[in-house]
Amino acid sequence: MIDQAQSLRKVVEDYGRQHSYMTDELPVRPQRVIAVTSGKGGVGKSNLVINMSIALASGGTRVLIVDADLGLGNIDLLLGITARYTLEHVATGEVSLQDIQVTGPGGIRIIPGGSGAQCLLRASEEERIALMESLETLQYQTDFIIIDTGAGLSPNVLAFLTSVQEIIVVTTPEPTAVADAYATVKMIAYENPGASIMLVVNMAKDRKNAGDIAENISIVAKKFLAIDTSFLGFVPRDPMVVKAVTSQQPFLLAYPYSNASKAIIRVAEKLAGCDQQASSDTRGLAGLFARIFHRAKHELKKGSNEIG
Ligand SMILES: Nc1ncnc2c1ncn2[C@@H]1O[C@H](COP(=O)(O)OP(=O)(O)OP(=O)(O)O)[C@@H](O)[C@H]1O
Ligand SMILES: [Mg+2]
């Protein structure tokens with residue numbers, strides 16, 4: 001593992017020498033909170049989140065992953081980590097947010113979700129204040145907070161997507177995935193019009209294939225929704241990803257010279273290099289979670305009204 005980490009650092013350092021964002025002195029700027037989502041499930045969000053985070057961390061950036069996928073505890077599963085405590089235990093007041101952080105490979109930190117986000121919504125005012133306080137502490141230890149939201153447009157996913165300034169929408173070239181990605185973009189355009197939307201095409205044939213797909217989404221979004229989306233990058237379909245998932249390792253560390261790894265480093269590089277002056281989340285983590293609480297309650301209420 002150490003050898004793999006070292007070789008990755010070398011890969012990243014080589015990039016860093018040519019690109020200013022990976023210098024020793026990281027720019028002091030507000031932390032960035034980025035939600036990673038998709039319309040269709042299984043398009044590669046969690047793999048993107050993990051490996052992109054490791055690429056960023058290798059360059060000296062402090063990254064915190066929030067696993068907000070309420071389905072299965074995806075991130076810990078992919079990394080072979082057994083999380084003793086999750087957000088669920090924070091919601092019930094058993095432990096603090098600091099206590100549930102897990103250190104993952106490549107220097108990333110993870111907040112395991114469990115079914116915690118749902119529980120958080122039911123937390124008492126007192127419990128919520130305690131959580132906000134621990135969030136305040138965390139935010140000074142982090143440059144990037146990357147949230148794996150899970151797929152689809154459930155109230156929980158919507159709560160995250162309407163609360164952040166930067167959203168990565170992941171799709172594959174498959175027409176059903178593209179259609180669902182567009183539905184997600186459309187929802188963001190209506191519900192969070194100020195957000196910056198970045199597209200990543202995973203399991204693409206090549207750059208041209210990915211670029212064409214992102215361009216199609218962009219053109220339609222511009223025409224019918226009057227919003228801009230940007231192409232953050234692509235990851236090719238690569239058997240090394242499947243191999244790494246099977247052995248519960250991040251592909252970037254297991255196979256740092258694979259095509260998928262080279263591509264993910266480019267994605268991380270572009271993400272880090274984006275000028276985020278306008279869209280940086282200056283309201284901090286506590287503000288973010290306050291918005292998520294508020295929004296999730298609203299969505300849940302709306303949902304139950306619709307059902308009732
Ligand atoms: N670039 C790739 N090349 C080949 N296979 C890939 C690639 N990316 C992902 N996969 C495959 O797709 C599977 C699903 O990936 P992942 O769990 O990251 O998707 P997800 O979008 O997080 O899924 P969910 O919606 O269920 O949370 C992986 O287990 C892997 O087998
Ligand atoms: Mg996932």
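The model is predicted.

Four elements each give at least two residues to the lining: helix H2 (45–58), strand S7 (196–204), strand S8 (229–236) and helix H11 (239–246). Sorted by class, the lining holds 11 nonpolar, 6 polar and 3 charged residues.

Ligand 1 sits in this largest pocket. Around ligand 1 there are 19 residues, of which Gly42, Lys45, Ser46, Asn47 and Asn202 come nearest. The elements to look at for this shell are H2, S7, S8 and H11, each of which supplies at least two of its residues. By class, the shell around ligand 1 is made up of 8 nonpolar, 7 polar and 4 charged residues.

The polar contacts of ligand 1 can be taken one at a time. At glycine 42, a polar backbone atom is 2.9 Å from an oxygen atom of the ligand. At glycine 44, a backbone N or O atom lies 3.0 Å from an oxygen atom of ligand 1. At aspartate 238, a polar backbone atom is 2.9 Å from a nitrogen atom of ligand 1. As for cover, ligand 1 on its own has 630 Å² of accessible area, and the protein covers 81% of that area.

Technical notes: Residues are numbered from 1 along each chain as its sequence is written. Chains are lettered from A and ligands numbered from 1 in the order in which they are written. This is a predicted model: local features need pLDDT of at least 70, side-chain atom pairs count only at pLDDT 80 or more; totals for chains, interfaces and linings use all residues. Side-chain values use heavy atoms; hydrogens and water are left out. Ala, Val, Leu, Ile, Met, Phe, Trp, Tyr, Cys and Pro count as nonpolar, Asp, Glu, Lys and Arg as charged, and the others, Gly among them, as polar. A residue is near a molecule or strand if one of its heavy atoms lies within 4 Å of it. A polar contact is a pair of N or O atoms within 3.5 Å; within protein, one must be able to donate a hydrogen and the other to accept it, and residues adjacent in sequence count only if both atoms are side-chain atoms. Accessible areas come from the Shrake-Rupley method with a 1.4 Å probe; for residues, only the protein chains shown count as cover. On a 1 Å grid over the protein atoms alone, a cavity is a set of points where a 1.4 Å probe fits but cannot get out, and a pocket is an open set with protein on both sides within 12 Å along at least five of seven lines; lining residues have an atom within 4 Å of a point. A molecule sits in a cavity or pocket if more than half of its atoms lie within 2 Å of its grid points.
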